[in-house]
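Dear colleague,

I am passing on a structure for you to look at, and below it I have set out what was found in it. Please keep the structure open beside the text as you read.

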Amino acid sequence: MKKKSVLLLSLLAVFLLSCANDSESDLSEPVKLEVVTYENYVKNVVSENCLFCHTSPPQNGAPMQLTTYEDVKNAVINRGLLDRISSFDPNFSMPYGGPRLPQTTIDAMKKWYTDGLLEQ
């Protein structure tokens, strides 16, 4: 019985160690879009990372909703959204209380701004 437990724990350790990543860039593919738009990229990022709190109506103390193109565009222009997702300060960064977005996602969001905050 003891040999089986040791074998099982050894196999589990090998499995867990083989799943380790050396860097955050290993976790996601770089964005390969020529132009980043709300529809082809940003909407999905917001849906997966922001709508838990920034829904309509906002939940968990969120000050505004991010449910539409206009909401997100306004947050970038007037509410410092890019600064919040780029920050390493856990008291300032978004998503609040969660892990920082991958740098490739942050770069794509900045590209959206640079490309003119296009909707489509």
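The model is a predicted one, and its confidence score, pLDDT, averages 82 over the protein, with 73% of the residues scoring at least 70. Over residues 4-28, however, the pLDDT is below 50, and this stretch has 7 contacts in the model beyond near neighbours in sequence. Where pLDDT is low, the predicted coordinates should not be read in detail.

Let me turn to the nonpolar core. The largest one has 23 residues, and V42, L66, V72, L81, I85, M109 and W112 are those with the most contacts inside it. Two or more residues come from each of the elements α2, α3 (69-78), α4 and α5 (103-114), and α2 gives the most, with 5 residues.

Next comes the empty space. Rolling a probe the size of a water molecule over the atoms shows where empty space is left. The count comes to 1 cavity of 30 Å³ or more, and the largest cavity holds about 50 Å³ of space. Its lining is made up of V45, V46, C50, L66, L81, I85, L101 and M109, and the elements that give two or more residues to that lining are α2 (38-49) and α4 (81-86). Sorted by class, the lining of this cavity has 8 nonpolar residues, with no polar and no charged ones.

The largest pocket has about 330 Å³ of space. It is lined by 17 residues, of which H54, A62, P63, M94 and Y96 are the closest to its centre. By class, the lining of the largest pocket divides into 11 nonpolar, 4 polar and 2 charged residues.

Is P63 buried or exposed? P63 counts as exposed, because its relative accessibility is 59% and the cut-off for exposed is over 50%. P63 has its place in the loop between α2 and α3, where, not counting residues up to four places away in sequence, P63 touches H54 and R79. The C-alpha atoms of P63 and C53 are separated by 9.1 Å, although these two residues are 10 residues apart along the chain.

With best wishes

Technical notes:
Residues numbered from 1 in each chain as written. Predicted model: local features only at pLDDT ≥ 70, side-chain atom pairs only at ≥ 80, totals over all residues. Heavy atoms only, no water. 1 Å grid on protein atoms, 1.4 Å probe; cavity = no way out; pocket = protein on both sides within 12 Å on 5 of 7 lines; lining within 4 Å. Points joined across faces, edges and corners; volume = space filled by probe spheres on them. Nonpolar A, V, L, I, M, F, W, Y, C, P; charged D, E, K, R; others polar. Helix = DSSP H or I, 4+ residues; strand = E, 2+ residues; numbered from the N terminus. pLDDT = per-residue confidence, 0-100. Contact = heavy atoms within 4.5 Å. Core = buried A, V, L, I, M, F, W, Y, C linked by side-chain atoms within 4.5 Å. Buried < 20%, exposed > 50% of the residue type's maximum accessible area, 1.4 Å probe, protein only.
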